[in-house]
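Colleague: I would like to learn how to read charged side chains in a model. Could you take me through an example?

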Amino acid sequence: MIERIVILENADPASFYGVNNSNMQLIRNMFPKLRVAARGSVIKVMGDEAETAEFERKIHELEAYCVKYNSLTEDVILDIVRGEAPHDRKSDGVIIFGVNGKPISARTPNQQRLVEEFNRNDLTFALGPAGTGKTYIAIALAVRMLKNREVRKIILSRPAVEAGEKLGFLPGDMKDKIDPYLQPLYDALEDMVPAAKLKEYMESKAIQIAPLAFMRGRTLNDAVIVLDEAQNTTTHQIKMFLTRLGMNGKMIITGDATQIDLPRATTSGLIQALRVLKNVNGIGKVEFGKKDIVRHALVQRIVEAYEAYDRERDEAEGSNGTASADEEVGE
């Protein structure tokens with residue numbers, strides 16, 4: 001009798017073991033001659049050498065499936081342990097499988113364009129109104145590269161600018177103060193990476209979430225870098241951020257030019273960067289519209305109502321200006 005130690009290197013233990021360890025119990029039942037103990041990411045198995053070797057091989061096959069699909073079901077366990085190929089889930093167009101195996105894919109033509117531009121270019125701008133999935137797709141693409149080991153880390157950043165209200169002094173340490181600004185990024189990650197695995201990624205700094213001010217002085221190699229809410233950067237900030245890109249790095253910048261929260265006299269760095277870089281090769285750009293909004297149907301109608309209001313206001317201001325000019329000529 002020998003003892004083998006099998007380590008789950010990539011799979012999330014909670015997803016692998018199942019609710020109340022139901023998956024692990026099924027695996028034990030399928031290897032009745034072996035003694036199996038599992039704790040965390042370590043599985044100890046005792047028994048005949050040939051059987052323990054077969055057990056280890058099957059565990060690694062199950063782990064590979066669990067990593068790919070972020071879920072492991074009874075049917076899949078039965079198929080793999082019996083030596084049968086599990087029914088492949090439809091993955092056409094799927095970027096990654098999120099928590100509980102939820103497929104995350106492009107849902108509109110422009111979201112698909114963002115996927116294609118990201119694959120083609122090392123720097124991609126994603127522009128458009130709220131609810132179009134710019135940030136969500138950007139983070140999904142970053143997570144896919146990290147899971148496929150195409151990069152070593154993900155850097156997610158956004159400027160710490162308040163949306164039209166002064167929050168005053170926030171309690172806590174530095175992390176507590178900046179986390180409210182970065183919560184949308186956490187929300188997307190929690191949808192795509194199981195909690196235990198996300199905690200591991202954060203602790204090992206494979207995934208880093210930081211305010212824009214913390215980017216100065218860094219060269220980000222082997223990383224996907226996402227800058228969210230870029231319309232709230234200053235011209236100096238976005239130049240600093242763009243020059244952080246290192247070897248084997250990819251960068252996605254998302255923003256909405258209609259939601260600038262900077263002081264009136266401050267020029268948006270995103271608007272300037274788009275003008276400055278418009279003829280530079282190797283940069284992709286995708287412009288989303290209200291038809292790409294994938295939130296509640298009411299969000300699209302809200303965006304359309306504000307667009308109509310802005311047009312009417314601009315036309316009214318234009319006609320007032322023309323009337324004043326005509327009056328001056330008449331005088």
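Modeller: Happy to, and let us begin with Arg57, which counts as partly exposed at 42% relative accessibility. Buried means under 20% relative accessible area, exposed over 50%, and partly exposed in between (1.4 Å probe, protein chains only). This is a predicted model, where local features need pLDDT of at least 70, side-chain atom pairs count only at pLDDT 80 or more, and totals for chains, interfaces and linings use all residues. Residues are numbered from 1 along each chain as its sequence is written, and side-chain values use heavy atoms, with hydrogens and water left out.

Colleague: Which side chain does Arg57 meet in a salt bridge?

Modeller: The general idea is that side chains of opposite charge can pair when their charged atoms come close. A salt bridge here is a side-chain nitrogen of Lys or Arg within 4 Å of a carboxyl oxygen of Asp or Glu. Arg57 meets Glu61 in this way, at 2.9 Å from N to O. Because they are four residues apart in helix α3, about one helical turn separates Glu61 and Arg57. Salt bridges that share partners join Glu54, Arg57, Lys58 and Glu61 into one network. Within it, Lys58 and Glu54 meet at 3.9 Å, N to O. Lys58 is buried, with a relative accessible area of 5%, while Glu54 is partly exposed at 28%.

Colleague: How many salt bridges does the rule count, and which residue pairs with Arg4?

Modeller: The count comes to 14. Arg4 pairs with Glu56, their closest N and O atoms being 3.3 Å apart. This pair links distant parts of the chain, 52 residues apart: Arg4 is in strand β1 (residues 2-7) and Glu56 in helix α3 (residues 49-69). Helices (H or I, at least four residues) and strands (E, at least two) are DSSP runs, numbered from the N terminus. Arg4 is partly exposed, with a relative accessible area of 21%, and Glu56 is partly exposed with a value of 21%.

Colleague: What should I look for around a buried charge such as Arg244?

Modeller: Look for a partner of opposite charge, with Lys and Arg counted as positive, Asp and Glu as negative, and His and the chain ends not counted. Arg244 has no salt bridge, and the nearest side chain of opposite charge, Asp122, is 16 Å away. Then check the backbone: the oxygen of Met240 lies 2.7 Å from a polar atom of the Arg244 side chain. Arg244 sits in the loop between α9 (235-242) and β10 (250-255). Beyond its neighbours within four places in sequence, Arg244 is in contact (heavy atoms within 4.5 Å) with Met215, Gly217, Arg218, Thr219 and Leu220.

Colleague: And where does Lys285 lie?

Modeller: Lys285 belongs to strand β11 (residues 283-287) and is partly exposed, at 39% relative accessible area. Its side chain makes a polar contact with that of Glu287, at 3.2 Å. A polar contact is a pair of N or O atoms within 3.5 Å; within protein, one must be able to donate a hydrogen and the other to accept it, and residues adjacent in sequence count only if both atoms are side-chain atoms. Setting aside neighbours within four places in sequence, Lys285 is in contact with Arg113, Glu117, Phe125, Leu127 and Leu274.

Colleague: How much of the protein is buried?

Modeller: Buried residues make up 42% of the 331 residues.
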